[in-house]
Amino acid sequence: MSTAKKAPVGQSQIPTPTSNLESSISFSADHLANQFLIAMPGMVDPNFAGSVIYLFEHTERGAMGLVVNRPTEVDLASLFDKIELKLEIAPLLDQPVYFGGPVQIERGFVLHEPTAQVLYRSSLAVPDGLTMTTSKDVLEAVAAGNGPSKFLMTLGYAGWGAGQLEEEITLNGWMNVPLSRQQMSDIIFDTPASQRYDRTMSHLGFDPSHLSGEAGHA
């Protein structure tokens, strides 16, 4: 089982904030993008055992996603203090920051529902799916009370080089779970983190322990 790693230089990269005021929005919906990946019982990598990942990009150059069920001990109030933003919205203060994956763990990623009117400087919008934003303006909007109504903040992301994810699926490391945007939003934003794995698996209708010796499917 190989550990997820950063895509090589020249391959798919997270968009970075632009230097002007215009929004930079990328679109991606290739292959397994806009699906969940769930770690199979045989997953031995401690970064991913028991994890659910929202995959926002998957092309011949590699794949990228965010773990959505691994809250850390850091809360939003602490994170906002570190980036010199004042967060005073009570329901958000104790909301946890999540471990999004082992790549660029010092960098923040905000997974949120699409916003029809508001555009951020650096976002990747998955058609028929969710939006991932990396620019600070989304956090400024949250602090001001006009950010996305539902969002999940992570530090780090999961990344695979060309062909790596396909190989790990073949070796029964992962199973992909295609769901509607509403179903994915319900799991990510409205289901307790400790229940997201089982909730995602329930859409397949069987016990994951029965798959420990079988091949995954893409």
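Which residues does Phe-36 touch, not counting residues up to four places away in sequence?

**View 1. Surroundings of Phe-36 in a predicted model.** Phe-36 touches Val-52, Ile-53, Tyr-54, Val-68, Met-175, Asn-176, Val-177, Leu-179, Met-184, Ile-187, Ile-188 and Thr-200. Contact means heavy atoms within 4.5 Å. This is a predicted model: local features need pLDDT of at least 70, side-chain atom pairs count only at pLDDT 80 or more, and totals for chains, interfaces and linings use all residues. Numbering runs from 1 along each chain as its sequence is written, and side-chain values use heavy atoms, leaving out hydrogens and water.

**View 2. The largest nonpolar core.** This core has 29 residues. A nonpolar core is a set of buried Ala, Val, Leu, Ile, Met, Phe, Trp, Tyr and Cys residues joined through side-chain atoms within 4.5 Å. Buried means under 20% relative accessible area (1.4 Å probe, protein chains only). Phe-36, Ile-38, Tyr-54, Phe-56, Val-68, Leu-111 and Ile-188 have the most contacts inside the core. Two or more residues each come from β2, β3, β4 (62–67), β7, β10, β11 (174–177), α5 and α6. Helices (H or I, at least four residues) and strands (E, at least two) are DSSP runs, numbered from the N terminus. Helix α5 gives the largest share, four residues.

**View 3. A separate core.** Another core, of 16 residues, lies apart from the largest one. Among its members are Leu-76, Phe-80, Val-138 and Ala-141.

**View 4. Helix α5 and its cover.** Helix α5 spans residues 181–190. Met-184, Ser-185, Ile-187, Ile-188 and Phe-189 are buried there. Their cover includes β2 (35–39), β3 (52–59), β7 (103–112), β10 (151–160) and α6 (196–202).

Definitions and conventions: Buried means under 20% relative accessible area, exposed over 50%, partly exposed in between (1.4 Å probe, protein chains only).
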